[in-house]
Amino acid sequence: MTWFLNPPNNSSDKASSNNRFSVSKILSLSGIGVWNCDVETRTFSFVHGFFERYGYSRDDVNNITLDNWLQYIFPDDVESVGKRLQEFFNGASGGNIDYICRIKSKINNSPIWIHVHGLAFAVDVDGAPIRAGGSIQDITKIKETEKSLEIRDKLTSATNEVAKILLDENEDFAKQVWRTLEILGNATGVDRVYVWKNHTGKDGRLYTTQLHEWSANSAPPRNGNYTVDIPFDEAIPTWHDILSAGKCVNNLVRLMPQSEQNQLKPQGIVSILVAPIMFNDELWGFIGFNDCVHERTWNEVEIAILRSAGMLVAAAIMRRKTRESLETEQALMKRIFETSPTGVVITTNGILKLQNKPLATMHGTKIGDSSRNLYVNQTDRIAIEKELQMKPTVINRPVQLHCADGVIRDFLMTYQSIQYDGEQSWLCWEVDISELKKSERAMKIARDLAEEGTRAKGEFLARMSHEIRTPMNAILGMTYLCLQTELTSKQRDYLIKTQTATTNLLEIIDDILDFSKIEAGKIELENIQFHLSEVLRDIVDVVDIRAKDKGLKLQTNVSERVYDHLIGDPTRLRQILTNLVNNAVKFTEKGSVTINVDIVFKTNNKCNDNELSSRQSGVMDIKSGGELEDNPEWNGILHNDSSDVTLLTFEVFDTGIGMTDEQVSNLFKSFTQADGSTTRKYGGTGLGLVIVKNLVELMGGTIGVKSQLGRGSVFWFVLPFTKAAVETDNKITAETNFAGRRILVADDDPVAREHLRTLIVSLSMRVDLVDSGETAIAALFNAAKNNNLYDLTLIDWKMPRLDGIETIRRIRVSPEIVDQPQILMISAYDRGECLRQSRELGIAGFLVKPVTLRALSEAFSRVFNVGTKTQVKESSEIVQTKDSEESIIKGKKILLVEDNKINQLVAKEILKLLGVDLEIANNGLEAVEAVQKKDFDLILMDVQMPVMDGLTAAKEIRKLNKPKAAKAPILAMTANAMDIDYKKSIESGMDDHLTKPIDPTKLKQALEKWIGKGK
């Protein structure tokens, strides 16, 4: 503290003044100022350097009156300062002046704490001061430090008090938390304190929810539940990142982002402190302090204390929530324990510590009894104890226990290792399964009986099938042979009717066998590669004769989009289609039967809805397709060429008798026919469609039918197949070299013409279509006349007025057609008959309907002698006329192994007609001996024979040290028709399995297939 006496007036006044100025300047720089006062005028002067840092000018602090000086002082301090100055002026203070007050900063009106000290250095005779002076010092930082220490002490004390309150768990928790927030609010002097907890909403956004709040002058709440729930990103967007980093939101509201101002200003908040509450480095929530009066900021010490207090509150909330959850869980467990309908018990070292009523009633036990005596088999108990030593839980262990009524019962026991009263114990649940065990034993007996019955039924069916097929083979064989001889018309009629009746009986036997296998779950599906076109051609070959006898047109249309090389079960597909096509032929007297194949599209949950009228030349107007079932396995297949699986829709149309809606509803039911009258015209078991439906569903597909009485029917089904991993037919177009060649197609069927046109155009060739033999001849004549020749002509065999054979004859003898074209014959009918009729006509080849892109491309390659980029393989869909059918097997050495003399005779006569060199063995042993002596091109082997059966004989032949024997095809020719019989034949070393009665056509096809093939 420094003051100066007023110096005497002499010649050194100027120097003294300069000296005083320099000293005053130094003092002001150190935060200390100098003042002097004329007591008589009561005016003050201050050295300017002290006040200018607070925005005051020289005029503001030089020669100012007492009233002016008091105006610079904070109002709260004016009274005390005025009182001290009056005492000094009146001489009551002994010539000393000393006071502390706040002055206003002229820059921002903030308070500046000053300490004023001085004394009188001139007094009158009475000792009253005349002039005085002294120092003025800025002590703001000292005051702030004192206040901070005071607040720290208050906050520390408040935090300690909060901790004590929160440890008391007997008080109402909501009021308890409110009290702690009140203490913190009063200690900090704020208007509101609150706690919020974060959570993630159902929409995935981060929210914060208010749990507790205290406001000044408010009463404790009745409960601590609040409904305030706000999203961080919308209401307080900057808070989450700040708080997650462990920092505080310590700000004046007017300086915050606008969205946060919009959230806080309506609540009257001026300044705010929000401190994070962290658990395991995660932002649990926050504690907030609102000041609605002052713009204040908080120092680090205060913030640290308040964060600690917030953690205490949050920990108490979590602890209380955990305790409440445990209490709720314990209450729930107790209720479950007491109300459980099954027995529940806790045991320690085998002693019952706690049990519920059902257990006590079941076993008659009481607390303190030993549980070990309840086990019938002590080895069960020992095994369970050992298992519980290795793992905490044993679930659903079947044991037998003694019960209070003396009965031994079966239980399912579950054991959980727990701590009970500080000891390792077991919590056990028991479920009485005695009745279930009785039912299981009864079901096992019933199942065994059912399996035995099924086995016996299967054996009976197999035996009966064999016994029936053996004489039927003789009947059909002899009938066939008789039909090859000269007969009267009446004799031929009788034999044909006998053959028809026997064939119908065979179909009934086959249906019953298939139905029985499906019922027994014995149907097994193959998954092999096959050509769809070959399957369709086989069906046409089988059904064609019946269709031709009735004058029906049998045709097949396959979309160019369909993959021909597939993986699946061709046998079952052939069975399904053959059944449906046979039915269509059976119930159709005139018109046609058409098989259509296309890929499935999905439009409004329906498969592609092709109109029959567009394919049947307006014969009828029935739409194919139907509702596709919602099959998740088909997802990704529809409209997806890149999928390995393709969905195919097969449709069998006929122009037959049709059905009513009632008749349609009864289809696919066992032993049910559309015509159930006693005068029904059409025979059958009513099992065929049931078998078809089951097979389709076993193959992962769906089936349906649409029909109109008197106008025909369409049966459709959808099946998934895997595309074979080979070059697909759809890629042939890019690999052929037929561009620009000119083709003529003659076919009376518009659908067949359009199908061929699509295939030919896809090969970049030009095509003209005609609908008869006459128009074909005219087209060739005009082409020759205009020197615009066709490179190739495709002619259908069966056309009205002028069929394909006669058309070719006229073309060959026509003088106008000077350049004779290459000709391919096309037909779905018997190709053998066609070949015999056309052998002298010089046709280039024979294409079998349905014609595929692959077959057409290969045929063109042969005709034009043009290869594709990939090697052209021999196709069974193409027949060249230079090779007659008989020449394939004629003169081949065949061994027939058959013990039944009648069957020997039948087979011998049929094979004789085919021109083979035949030798007969009466049993398997004779067959082995014959093969040792001679080489055979093929062996036909019966299975059930005396001395040595056919399976054993096949195995022995394959063991022979003779290359020809190892390679010679062996075909089982047996009345055993079950799937297991086929497997046994193949496993024994045979190559194929033909079922009696032997169909001469199928026998011939099998011989053609296997003659000349090596193993």
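The following is a short exchange about a predicted model.

Visitor: How many helices and strands does the chain have?

Guide: The chain has 32 helices and 37 strands.

Visitor: What share of the residues counts as buried?

Guide: Of 1015 residues, 47% are counted as buried. To count, a residue must have under 20% relative accessible area.

Visitor: What is the accessible surface of the chain?

Guide: About 51,300 Å². Carbon and sulfur atoms account for 51% of that surface.

Visitor: Which share of contacts joins residues at least 24 apart?

Guide: The figure is 63%, taken among contacts between residues at least 6 apart in sequence.

Visitor: How far apart are the axes of α28 and α29?

Guide: The axes are 9 Å apart. As for handedness, the crossing of α28 past α29 is right-handed.

Visitor: Which residues of α28 and α29 meet?

Guide: From α28 come Gly 924, Val 928 and Val 931. From α29 come Ala 953, Glu 956 and Ile 957. This contact holds four nonpolar residues, one polar and one charged.

Visitor: Now the loops. What is the phi of Asn 349?

Guide: Asn 349 has a positive phi of about 55°, though it is not a glycine. Most residues other than glycine have a negative phi. Asn 349 sits in the loop between β13 (343–348) and β14 (351–355).

Visitor: Why is Asn 349 called exposed?

Guide: Its relative accessible area is 60%. Exposed means over 50%. So Asn 349 is exposed.

Visitor: Where is Asp 421 found?

Guide: Asp 421 lies in the loop between β16 (408–420) and β17 (423–432). Asp 421 is not a glycine, yet has a positive phi of about 55°.

Visitor: How do you know whether Asp 421 is buried or exposed?

Guide: The cut-off for exposed is over 50%. Asp 421 has 66% relative accessibility, so Asp 421 counts as exposed.

Visitor: What makes Lys 164 exposed?

Guide: Lys 164 belongs to helix α6 (residues 140–167). Its relative accessible area is 64%. Exposed needs over 50%, so Lys 164 qualifies as exposed.

Visitor: What separates the C-alpha atoms of Lys 164 and Thr 180?

Guide: A distance of 9.5 Å, with the two residues 16 residues apart along the chain.

Methods: Residues are numbered from 1 along each chain as its sequence is written. This is a predicted model: local features need pLDDT of at least 70, side-chain atom pairs count only at pLDDT 80 or more; totals for chains, interfaces and linings use all residues. Side-chain values use heavy atoms; hydrogens and water are left out. Axes are lines fitted to C-alpha atoms, for helices over the stretch in contact, and angles run from 0 to 180 degrees between N-to-C directions. Helices (H or I, at least four residues) and strands (E, at least two) are DSSP runs, numbered from the N terminus. A crossing is left-handed if the near helix is turned anticlockwise from the far one by less than a right angle, and right-handed if clockwise. Contact means heavy atoms within 4.5 Å. Ala, Val, Leu, Ile, Met, Phe, Trp, Tyr, Cys and Pro count as nonpolar, Asp, Glu, Lys and Arg as charged, and the others, Gly among them, as polar. Buried means under 20% relative accessible area, exposed over 50%, partly exposed in between (1.4 Å probe, protein chains only). Accessible areas come from the Shrake-Rupley method with a 1.4 Å probe; for residues, only the protein chains shown count as cover.
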